Amino acid sequence: MGWIEEQTLIARLKGKGVAIITGCGHPTIELIVKMVKSLCHEPIYAIVGGLHFPVTGSPLKKSGIQSTDDLGHGEAALAADNRCGFDRTVSFLRKVVPQKLLLSAHDSCDHALSRISDELQCDTRILKAGETYDLQGG
């Protein structure tokens, strides 16, 4: 439980910048962006995938399991430090200034995804299976 290693894909989009494509985002987007910036100096145009935001509700909660956040982070989803961590992530993403956020709802609740959509000044969409997304186009 806790920190989980995973891979992230970095794609250079001609005339746009860098697209970061994550899996679940277990390492945190802050760490992923830091690693990307150590590899290239282009602006971050898009962040795509899961960011493993806090979960305020879970379909399994009825059985006493707060599944996604507890199992992914090993921390309680509603703990004060986790909420502060989410606030820091929102603040961090404001400074990164991506033009596009295409976020997975996997391991994130509607409340967290809504806050991101409301609080960041970029094109934000929730990814849906089977849909296609054009990062290179407008």
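Trainee: How much space lies in the second largest pocket?

Mentor: About 200 Å³ of space lies there, where a volume is the space filled by probe spheres set on grid points that are joined across faces, edges and corners. This is a predicted model, in which local features need pLDDT of at least 70 and side-chain atom pairs count only at pLDDT 80 or more, while totals for chains, interfaces and linings use all residues. Residues are numbered from 1 along each chain as its sequence is written, and side-chain values use heavy atoms, with hydrogens and water left out.

Trainee: What makes a residue such as Leu31 part of the lining of the second largest pocket?

Mentor: On a 1 Å grid over the protein atoms alone, a pocket is an open set of points where a 1.4 Å probe fits, with protein on both sides within 12 Å along at least five of seven lines, and lining residues have an atom within 4 Å of a point. Leu31 is listed in that lining, as are, among others, Ile4, Pro27 and Met35. The largest share, five residues, comes from α1; helices are DSSP runs (H or I, at least four residues) and strands are DSSP runs too (E, at least two), numbered from the N terminus.

Trainee: Why is serine 104 called buried?

Mentor: Buried means under 20% relative accessible area, exposed over 50%, and partly exposed in between, with a 1.4 Å probe and protein chains only. Serine 104 has a relative accessible area of 19%, so it is buried. Serine 104 is found in the loop between β4 and α4 and, leaving aside neighbours within four places in sequence, is in contact (heavy atoms within 4.5 Å) with Gly49, Gly50, Leu113 and Leu127.

Trainee: How do you know that the buried residues of α1 line one face of the helix?

Mentor: The buried residues of α1 (residues 29-39) are Ile29, Ile32, Val33 and Val36. Seen down the helix axis, they fall within an arc of 95 degrees, so they line one face of α1; the arc is that of the directions from the helix axis to the C-beta atoms. The face turned away from this buried side carries the exposed residues Lys34, Met35 and Ser38.

Trainee: What puts the buried residues of α4 on the same side?

Mentor: In α4, Ala112, Leu113 and Ile116 are buried. They cover an arc of only 100 degrees around the axis, which puts them on the same side of α4, whereas Asp110 and Asp118 are exposed on the other side.
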